[in-house]
Amino acid sequence: MTKNVMKNIWNILFLEGRPSIGLSFFRIFVALTVGLHVIPSFFHLDDNYFSAALKTLNYDFFPASFINGVQKSPDGLVIFFVWAFYLTWFCFLIGLFAQISCILMTACCYYFYALNDFHIGTLSWDILLVTLFLMCVTSYHGDYFSIDALRRGDINAWRCPRPFFIQRLLQLQTASTFFFTGLYKITGTGNWITGNPVYYLMNYPVQGVTKNFLLKEWMAVHPHFCYATGLMIVATEMSMPFLLFIPKTRRAAIILGLCWHLLLVLTLDVPTIFLFLFPAQMLLFIYPQKITAWIEAKRRINAQSPRPKIIYDGECGFCRASIKRVQVMDLWGKLEYVPGPKGMSEMRLELSDGRKYGGFFAFRQLAWICPMLYPMIPVVYFPGSGILGPLVYQWVARNRYLFPVPHTCSVRSCHL
Amino acid sequence: MNIHLRNKLISIFVVLWLAVFYYESTCYYYLQPFFKRELPRMKFLFPPAGWIMFYDLEDNFGYTEVYGVKNGNPQLIDPHQILQTRAIGYDNINRNALVSVLSQGMSDSFCPFLKRKFPYFEKFLVTYVEYPHLTEQPMERTQTVVYTCGE
């Protein structure tokens with residue numbers, strides 16, 4: 001009996017299949033965080049990574065043999081790793097071979113960390129590495145918002161159920177980091193009870209980590225308020241795990257967590273990771289079923305209202321395959337797909353208000369409709385794209401029967 | 001993959017991960033003092049001292065100032081010219097990144113670095129500026145030369 005109960009709890013906690021869309025969304029933030037943290041250090045390779053660079057080496061984090069091996073890197077190898085990082089990072093960001101690119105990108109991160117921890121090595125960087133390690137374990141984060149989703153062409157990719165363990169471990173990591181950060185402040189050598197660290201921070205000179213925010217000067221002369229603030233900070237950090245895991249307080253805790261990190265970024269010079277990764281970690285606590293239920297509700301509403309019609313060459317395998325990819329990207333179910341006659345010169349889009357677009361300009365409109373195409377908006381509206389875009393589109397359209405087509409779409413069997 | 005095998009593998013991974021995560025998170029400040037000995041640690045993944053963000057701040061503050069000397073005249077060098085890498089969203093200088101050049105042995109790499117970046121100067125003074133009592137005596141400021149480059 002007890003064994004069964006335990007097994008059930010374990011199943012619910014880690015093994016149960018739940019949609020991975022939240023994790024896929026999280027991947028984008030992890031990629032952005034890694035990029036924004038690491039790439040600036042590449043702008044001064046001679047200062048940071050080449051043989052004459054100013055280096056500090058983290059022997060506590062890496063074994064000495066590993067660091068010594070990495071230190072023997074010639075400058076050419078450093079450049080190779082820079083390009084390897086750019087490539088794998090971009091693939092991870094767009095979700096192309098998501099798991100492999102995550103592993104290779106993480107390997108590059110380790111290389112640069114071992115080469116020099118002066119710029120990238122911070123405690124929040126270590127948190128990011130733990131997150132990356134968990135992301136490397138599975139490919140679930142590539143299920144949606146990814147090129148992998150388009151390659152697979154699964155129109156239900158956004159509700160693909162996966163064992164929940166990775167998201168749960170990421171949740172536990174976030175909650176525990178909060179808890180331990182609070183705990184260390186009041187135990188061991190932490191001095192948030194015996195001292196008044198917030199008060200000291202407010203009195204730091206301009207060279208210090210405290211930003212010059214509105215209340216700083218006032219707080220600098222109100223030690224009691226600072227002490228109470230410090231205690232509140234510790235109490236919040238230590239109670240966050242409970243608030244985040246109790247269903248009734250979860251929503252408030254997520255909002256609190258978001259405000260928390262925003263406040264940190266506004267008041268202290270803390271690394272980019274605080275701005276891009278930690279708020280996204282809060283979103284991991286939103287139940288995936290709630291996200292998919294919300295999407296389904298939106299799809300139902302859209303299905304009942306007049307929708308833009310996308311009209312394509314129904315006899316062309318390449319066109320059907322392309323439309324299937326549009327369907328994958330059409331998260332809100334906003335489009336109606338209408339096969340047109342053979343030999344259409346271009347795809348057409350008829351909006352519900354009567355406006356009509358064709359070819360590249362139809363694609364441009366799609367960028368506003370499909371969430372996965374949002375990042376393309378700056379590209380399709382870039383100056384000159386109105387001239388170049390139609391030319392490229394027409395060339396592709398003219399040669400569409402020559403392009404290879406996925407097996408399932410080659411003989412009219414690509415059902416839409 | 002067989003679903004039972006998959007679940008077993010996931011369960012083993014979860015148990016191992018949780019054990020390592022909480023062991024590493026508590027080892028330095030709690031487990032080692034409790035067992036009164038140095039415990040084995042896992043490299044490559046966790047911060048050596050746990051999640052210790054802003055845990056111990058005292059009523060003092062210190063940072064590094066570097067002076068270039070030309071014809072006997074010391075001239076303060078903007079730290080942003082020394083560390084030119086700009087981070088996005090924060091200032092690494094304000095995070096006191098430069099203070100690590102005061103660590104033992106850092107002069108061996110920092111001095112050639114300064115000479116390469118600022119060939120104009122004949123020598124450099126690497127100093128430590130300290131505000132020993134931030135709240136009681138905010139104007140009290142000490143400055144000591146930690147090492148000199150180029151002598």
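Two residues are in contact here if their C-beta atoms, placed from the backbone, lie within 7 Å. With that cut-off, residues 24 or more positions apart account for 77% of the contacts in chain A with a separation of 6 or more. This is a predicted model, in which local features need pLDDT of at least 70 and side-chain atom pairs count only at pLDDT 80 or more, while totals for chains, interfaces and linings use all residues. Residues are numbered from 1 along each chain as its sequence is written, and chains are lettered from A and ligands numbered from 1 in the order in which they are written.

**Chain A overall**

- Chain A holds 20 helices and six strands; helices (H or I, at least four residues) and strands (E, at least two) are DSSP runs, numbered from the N terminus.
- Taken along the principal axes, a box of roughly 80 × 60 × 50 Å is filled by the C-alpha atoms of chain A.
- Chain A has 416 residues, and 41% of them count as buried. A residue is buried if 20 or more other C-beta atoms lie within 10 Å of its own, exposed if 12 or fewer, and partly exposed in between, with C-beta atoms placed from the backbone.

**Helix H2 and its partners**

- Let's start with H5: helix H2(A) and helix H5 (residues 75–94) of chain A pack at an angle of about 155°, with their axes 9 Å apart. Axes are lines fitted to C-alpha atoms, for helices over the stretch in contact, and angles run from 0 to 180 degrees between N-to-C directions.
- H2(A) and H5(A) are therefore roughly antiparallel to each other. The scheme takes angles under 35 degrees as roughly parallel, over 145 as roughly antiparallel, 65 to 115 as roughly perpendicular and the rest as oblique.
- The crossing of H2(A) past H5(A) is left-handed, a label used if the near helix is turned anticlockwise from the far one by less than a right angle, with right-handed used if clockwise.
- On the H2(A) side, Ile28(A), Ala31(A), Val34(A), Gly35(A) and Val38(A) meet Phe85(A), Trp89(A), Phe92(A) and Leu93(A) in H5(A). By class, the residues of this contact are eight nonpolar, one polar and no charged. Ala, Val, Leu, Ile, Met, Phe, Trp, Tyr, Cys and Pro count as nonpolar, Asp, Glu, Lys and Arg as charged, and the others, Gly among them, as polar.
- H2 (residues 21–38) of chain A also packs with helix H7 (residues 123–137) of chain A, at an angle of about 135° and with axes 11 Å apart. H2(A) and H7(A) are therefore oblique to each other, and their crossing is left-handed.
- Arg27(A), Val30(A), Thr33(A), Val34(A) and His37(A) of H2(A) meet Trp125(A), Leu128(A), Thr131(A), Leu132(A) and Met135(A) of H7(A). Six nonpolar, three polar and one charged residues make up this contact.

**Nonpolar cores**

- A nonpolar core is a set of buried Ala, Val, Leu, Ile, Met, Phe, Trp, Tyr and Cys residues joined through C-beta atoms within 7 Å.
- The largest one has 79 residues, of which Val34(A), Phe92(A), Met105(A), Cys109(A), Phe112(A) and Ile273(A) touch the most other members. Helix H6 (residues 98–115) of chain A gives the most to this core, with 10 residues.
- Apart from it lies another core, of 27 residues, among them Ile21(A), Trp158(A), Ile311(A) and Leu366(A).
- Beyond its neighbours within four places in sequence, Ile273(A) is in contact with residues including Thr33(A), His37(A), Trp125(A) and Leu128(A).

**Individual residues in chain A**

- Phe85(A), in helix H5 of chain A, is buried, with 22 other C-beta atoms within 10 Å. Not counting residues up to four places away in sequence, Phe85(A) touches Val38(A), Met105(A) and Cys108(A).
- Met347(A) sits in the loop between strand E4 (336–340) and strand E5 (348–350) of chain A, and counts as buried with 23 C-beta neighbours inside 10 Å. Leaving aside neighbours within four places in sequence, its contacts are Ile310(A), Ile311(A), Tyr312(A), Gly359(A) and Ala362(A).
- Phe242(A), in helix H12 (residues 223–245) of chain A, is exposed, with 12 other C-beta atoms within 10 Å.

**Where chain B meets chain A**

- In this interface, 48 residues of chain B are in contact with 54 residues of chain A.
- Helix H1 (3–35), strand E1 (61–70) and helix H3 (107–117) of chain B are the elements that give two or more residues to the side that touches chain A. The largest share of that side, seven residues, comes from H1(B).
- By class, the side of chain B that touches chain A has 28 nonpolar, 12 polar and eight charged residues.
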